[in-house]
Amino acid sequence: MPLPPIPLQRLDGSEFPRDALQGKVLLVVNVASRCGFTPQYTGLEALHRQFGPEGLVILGFPCDQFGHQEPGDAEEIARFCQVDYPVSFPLMAKCEVNGEQAHPFYRWLKQRKPGLLGSEAIKWNFTKFLLDRESRVVDRFAPQTKPEDLAGAIQALL
């Protein structure tokens, strides 16, 4: 099953090449710079460095829908992710993950892997979706699930 034909945009506004995701294991995370879970950036970067060469791609989607914890513009978010929590995995354009204005990619993810009791809503920052090499959404992890706790599930898909 291929990824849906939904354009993805990088934080800097440039188009993200969808072909870079073909045949890859994906970890998709809605991120925020002023959240109690923000230190997870460190764990996400560690996963990226460990498993990226084997085919893992982490996509971070900054989102300000939860407690106004990502209030900055693209430039501020980029600066934060260079200075405070340096990351080298791709950051996408700031977006919404719930509601009428939810990014179409997030609508697709939530339909394929609803959360607790079948709810599609994202509950908080750092909710994680894991997709296999065939673009199937195989799991959804709560914000409190630490990135390092995903290593086994990621390795199994690689």
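This is a predicted model: local features need pLDDT of at least 70, side-chain atom pairs count only at pLDDT 80 or more; totals for chains, interfaces and linings use all residues.
Reader: Why is Glu45 called buried?

Author: The relative accessible area of Glu45 is 5%. Buried means under 20%, so Glu45 is buried.

Reader: What makes Arg49 count as exposed?

Author: Arg49 has 60% relative accessibility. Exposed means over 50%, and therefore Arg49 counts as exposed.

Reader: How do you know that the side chains of Glu45 and Arg49 meet in a salt bridge?

Author: The N to O distance between these side chains is 2.9 Å. A salt bridge requires a side-chain nitrogen of Lys or Arg within 4 Å of a carboxyl oxygen of Asp or Glu, so the pair qualifies. Glu45 and Arg49 both lie in helix α1, four residues apart, about one turn of the helix.

Reader: Why is the contact of Glu75 with Arg79 called a salt bridge?

Author: The closest N and O atoms of Glu75 and Arg79 are 3.7 Å apart. The cut-off is within 4 Å, so this pair also forms a salt bridge. Both residues belong to helix α2.

Reader: What makes Arg79 partly exposed?

Author: Arg79 has a relative accessible area of 43%. Buried is under 20% and exposed is over 50%, so a value in between is partly exposed. Glu75, with 56%, is exposed.

Reader: How do you know that the span of α1 is close to the expected one?

Author: Helix α1 has 12 residues and reaches 16 Å from its first C-alpha to its last. The expected span, at 1.5 Å a residue, is 16 Å. The span of α1 is therefore close to expectation.

Conventions. Residues are numbered from 1 along each chain as its sequence is written. Side-chain values use heavy atoms; hydrogens and water are left out. Helices (H or I, at least four residues) and strands (E, at least two) are DSSP runs, numbered from the N terminus. Buried means under 20% relative accessible area, exposed over 50%, partly exposed in between (1.4 Å probe, protein chains only).
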